[in-house]
Every structure is written in structure tokens, then in C-alpha cells.
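Dear colleague,

Please read the text with the structure open beside it.

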Amino acid sequence: MGMAKEHFVLVHGEGHGAWCWFKLRWLLEGSGYRVTCIDLAGGGVDPTDPNTVRSFKQYDKPLIDLISALPEGEKVILVGHGAGGLSVIHAMHEFVDRISQAFFVAATMLPFGFQTDEDKNDGLPTLPENEIELTLGEAAGDPPTTVALRPEFQRERLSQQSPEEESVLASMLMRPWPATAISTASFEGDDERLNRVKRIFIKTERDHMLDPEQQDSMIKKWPPSEVLVVDTDHSPFLSAPEQLFNLIVKSL
């Protein structure tokens with residue numbers, strides 16, 4: 001495949017934004033690839049208040065709009081991290097013929113999103129109450145509208161192997177994420193159609209956010225084309241960007 005022709009779309013996970021991909025974007029663009037990093041609703045510098053994002057469709061609208069606007073015949077390579085895997089799956093359901101490959105970097109990889117409690121056990125981080133801050137809904141009994149990792153736990157959960165100054169920067173840029181919108185993501189369709197897209201899962205062995213056991217469970221239940229392993233934290237785009245870059249380009 002011609003290097004200059006491929007277009008990567010990088011999709012952040014919960015609490016993050018387009019900013020988290022800066023190292024991988026630099027490496028990809030330096031090798032001649034086109035790269036788009038998006039902010040989902042309420043993420044990064046998107047102006048939406050994440051507490052107002054109540055559905056996954058609303059949360060994922062920036063990605064769907066981007067792919068909808070692609071020139072006729074153009075395909076993209078999607079790379080999702082964490083809950084960004086749900087956005088990748090959503091796009092695969094909507095635009096299977098516009099996606100040439102899909103990479104899941106320690107990402108939620110469930111063909112129909114969250115259909116069962118078992119899906120949630122596999123695909124959502126399990127975070128102790130003392131490590132998170134909740135914004136509660138307007139009425140008594142409403143689920144939280146957003147969840148945020150407390151700053152003192154962010155490095156240990158997300159980026160314990162990354163340079164410390166980058167963990168500090170990340171803590172300044174992290175935002176609460178729309179908990180209900182993400183945890184209720186579900187899609188209709190058939191996995192045979194989805195399997196037309198080559199999927200690569202990149203497993204993070206020292207992940208304290210999405211446990212390796214959770215990743216293994218999703219891999220076993222919906223085997224991808226290829227499984228690659230990095231001995232890193234949840235954020236290899238910060239802790240091992242060159243290794244992540246090399247794994248991705250070698251799998252094209």
C-alpha cells in the first residue's frame with residue numbers, strides 16, 4: 001500500500017482528547033501518512049459540557065460526521081484507545097466499506113457494544129469509589145452524568161510507565177467523561193459484516209485501567225485478525241510511542 005495515501009483517524013478514550021495522540025501523530029505524519037485526531041463530544045477542546053452528553057450517538061457524533069464527509073471512495077484506518085474502541089465499532093457498523101482497518105489499543109472491542117452485564121465486566125474499567133469523582137444526575141436516583149479520575153490516581157491508573165512530566169500534562173488536560181453515554185453504548189447489526197474489516201488488537205500487559213484479563217476475554221469472544229502485545233501501561237502512545245508506531249505500520 002502506498003504510504004502517502006493512507007489516512008489514519010485516531011480516536012481517544014474516556015477522559016482524553018485528540019491531544020493524547022501527539023507523539024503517534026508526529027511519527028505517522030513524519031512517515032508520510034495522513035492523520036486526523038478528533039475530539040469526541042465533551043473531550044479535549046470540544047466545547048460541549050460532558051454532563052450534557054446523555055447518549056453514545058451524541059458522544060460519537062464528531063467521528064460519524066468526519067467519516068460521513070469523506071470524499072467518495074476514500075477509506076480510513078481507525079485507531080481507538082480505551083472507550084474509543086466503542087467509537088470504532090460504531091463507525092464500522094455505519095460505514096463498513098469506508099474503513100480499511102481497525103486498531104484497538106487496549107480498547108473496548110465488543111461487536112454490539114454493551115448488551116449484557118458480562119460485556120460491561122469485560123469492556124469497562126473497574127475503578128474503586130475512592131479513586132473517582134462523580135457528577136450526579138438532576139433527580140434522586142439518576143445515574144451519574146460524568147465520571148472523572150481523581151488527579152492523585154491518574155498516573156497509576158493510566159500512565160505509570162510514561163515520563164512523569166507527560167503524566168502532569170495529561171492531568172491538566174483530562175476531563176470528566178460522560179459515564180451513562182459510554183456505558184449504554186449498544187449497536188445492531190451482524191458480526192459477519194463487521195468481519196469484512198481487518199481488526200488488530202494491541203494488548204497492554206501492564207494496564208491498570210483495562211486489565212489484561214479483560215482484554216483477553218474480549219479477544220477470546222471476538223477474535224481479531226491479529227493480536228499484538230506491548231509490555232506497557234494503558235497509554236503506550238505516551239510510554240512507548242515508537243513501539244506502538246512500529247506495530248501499527250507493520251500490520252498494514
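The largest cavity holds about 60 Å³ of space. Please keep in mind throughout that this is a predicted model. By the rule applied here, four cavities of 30 Å³ or more are counted. The lining of the largest cavity is made up of His-16, Gln-154, Arg-155, Leu-158, Ser-159, Ser-167, Ala-170, Ser-171, Met-174, Ser-235 and Leu-238. Two elements, α6 (151-158) and α7 (164-173), are those that give two or more residues to this lining. Sorted by class, the residues around the largest cavity comprise four nonpolar, six polar and one charged.

**The largest pocket**

Turning to open space, the largest pocket has a volume of about 400 Å³, and its lining consists of 14 residues, among which Leu-124, Pro-125, Val-147, Trp-177 and Ala-179 lie nearest the centre of the pocket. Both β5 (132-135) and α8 (179-183) supply at least two residues of the lining, and the largest share, four residues, comes from α8. The class count for the lining of the largest pocket is eleven nonpolar, two polar and one charged.

**Helix packing**

Two packed helices are described by the angle between their axes and the distance between the axes, and I give both for each of the pairs that follow.

Helix α1 (residues 22-30) packs with helix α12 (residues 241-250) at an angle of about 50 degrees, and their axes are 9 Å apart. The two helices α1 and α12 are therefore oblique to each other, and their crossing is right-handed. On the α1 side the contact is made by Lys-23, Leu-24, Leu-27 and Leu-28, while α12 brings Pro-241, Glu-242, Leu-244, Phe-245, Ile-248 and Val-249. Taken by class, the residues in the contact of α1 with α12 are eight nonpolar, no polar and two charged.

The other pair to look at is helix α3 (residues 61-68) with helix α4 (residues 84-94), which pack at an angle of about 40 degrees with their axes 10 Å apart. Because angles that are under 35 degrees count as roughly parallel, and those from 65 to 115 as roughly perpendicular, the angle between these two makes α3 oblique to α4. The crossing of α3 and α4 is right-handed. Leu-63, Ile-64 and Ile-67 of α3 make this contact with Ser-87, Val-88, His-90, Ala-91 and Glu-94 of α4. The residues in the contact of α3 with α4 fall into five nonpolar, two polar and one charged.

With best regards

Conventions. Residues numbered from 1 in each chain as written. Predicted model: local features only at pLDDT ≥ 70, side-chain atom pairs only at ≥ 80, totals over all residues. Heavy atoms only, no water. Axes fitted to C-alpha atoms, helices over the stretch in contact; angles between N-to-C directions. Parallel < 35°, antiparallel > 145°, perpendicular 65-115°, else oblique. Left-handed = near helix turned anticlockwise from the far one by under 90°. Contact = heavy atoms within 4.5 Å. Nonpolar A, V, L, I, M, F, W, Y, C, P; charged D, E, K, R; others polar. 1 Å grid on protein atoms, 1.4 Å probe; cavity = no way out; pocket = protein on both sides within 12 Å on 5 of 7 lines; lining within 4 Å. Points joined across faces, edges and corners; volume = space filled by probe spheres on them.
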